[in-house]
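Here is a short walk through one structure.

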Amino acid sequence: MWTGTLYALAAGLLWGLVFVAPLMLPDYPAALQSVGRYLAFGLIALPLAWIDRANLRRLSRADWKEALKLAAIGNLLYYVCLASAIQRAGAPLPTMIIGTLPVVIAISANLRDHHRDGRLPWRKLAPSLLLIALGIACVNRVELEALRAQPDANAARYLQGALLAIVAVACWTWYPLRNADWLRAHPDRSPRTWATAQGVATLPLALAGYALLWGGLAVAGSGFDMPFGPRPWFFIGLMACIGLFASWIGTMCWNAASQRLPTALAGQLIVFETLAALGYAFVLRGRAPEPLTMLGIALLIAGVLWAVRIRPEATAAEGHAA
């Protein structure tokens with residue numbers, strides 16, 4: 001249990017990096033940031049795939065199809081929506097909407113996967129979910145007040161950002177549930193191998209997306225300096241760092257956590273990503289969080305600590321069969 005929690009913590013710390021990249025590249029289209037990140041992920045995965053080729057050969061055609069689906073929805077579509085949301089509404093609002101993932105995934109997994117993982121009793125789960133929800137609400141309140149105070153605030157643009165962040169939540173509710181299905185069905189497979197397989201599956205999608213985006217910008221006459229924009233070396237370096245640390249190592253750590261933890265509990269531990277993203281955003285701002293934000297962070301941490309103490313219980317049908 002604790003090993004799985006530590007893997008989830010590592011994944012969250014690494015995934016938090018993806019929330020600051022759109023702030024560091026405000027003049028780059030969100031779609032270019034998405035295909036750039038996953039092109040880097042795919043290229044990084046190629047030599048790793050060669051090293052791990054014996055294990056990758058064990059994957060069936062159905063396994064590769066699943067990796068392709070996970071790459072398309074959990075990688076490319078998710079990050080296009082997230083980066084677009086951050087560029088339209090700033091980092092805090094999308095981060096807080098994404099911060100609802102622990103609650104959404106925990107509830108979805110407890111309803112969907114209780115026959116496999118056992119049910120986390122709602123009476124024990126409720127305090128954890130409540131603490132996490134209150135923590136998210138506290139941070140949301142501070143950030144929304146800050147947004148209202150901006151004289152140039154564009155309500156329509158913020159609404160677009162919020163809606164795109166909700167689509168990102170839907171993508172990343174689907175992804176860990178399906179990813180956990182595969183990992184729990186293949187406990188003998190390495191989380192590293194499955195992370196590499198997703199990177200390899202992402203590469204052709206990212207290449208196709210890059211080509212389509214390049215052609216679309218040319219036809220539209222946007223004047224954007226393709227293929228790497230006005231700051232090519234910074235863009236390439238940032239995409240390489242995110243591709244390695246957030247995409248490959250982060251996915252590997254999350255896979256390891258998903259093999260060890262019930263999906264409902266693992267879903268709550270995505271709160272580490274929210275905490276990391278907030279921490280990095282405040283570092284970029286160069287100022288400390290507001291007291292209410294600190295309270296929200298404390299409530300999030302308390303909810304996570306409460307959650308890891310819960311042990312799943314067999315459902316009535318499973319108990320009868322036993």
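An unreviewed UniProt entry annotates residues 3-111 as "domain: EamA". UniProt positions follow the numbering used here, feature names are shortened, and annotations may be inferred rather than shown by experiment. The span is 83% helix and 0% strand, with its end C-alpha atoms 25 Å apart. Helices (H or I, at least four residues) and strands (E, at least two) are DSSP runs, numbered from the N terminus.

The model is predicted: local features need pLDDT of at least 70, side-chain atom pairs count only at pLDDT 80 or more, and totals for chains, interfaces and linings use all residues. Residues are numbered from 1 along each chain as its sequence is written, and side-chain values use heavy atoms, without hydrogens and water.

Now the cavities. The whole structure holds three of 30 Å³ or more. A cavity is a set of points, on a 1 Å grid over the protein atoms alone, where a 1.4 Å probe fits but cannot get out; lining residues have an atom within 4 Å of a point. The largest cavity has a volume of about 120 Å³, the space filled by probe spheres set on the points. It is lined by 14 residues, with W15, R37, Y38, N75 and W172 the closest to its centre. Helix 3 (30-51), helix 5 (61-89), helix 10 (155-185) and helix 12 (232-260) each give two or more residues to this lining.

Next, the cysteines. The search finds zero disulfides, meaning pairs of cysteine sulfur atoms within 2.5 Å. For C171, the nearest cysteine sulfur, that of C81, is 5.3 Å away.

Key: On a 1 Å grid over the protein atoms alone, a cavity is a set of points where a 1.4 Å probe fits but cannot get out, and a pocket is an open set with protein on both sides within 12 Å along at least five of seven lines; lining residues have an atom within 4 Å of a point.
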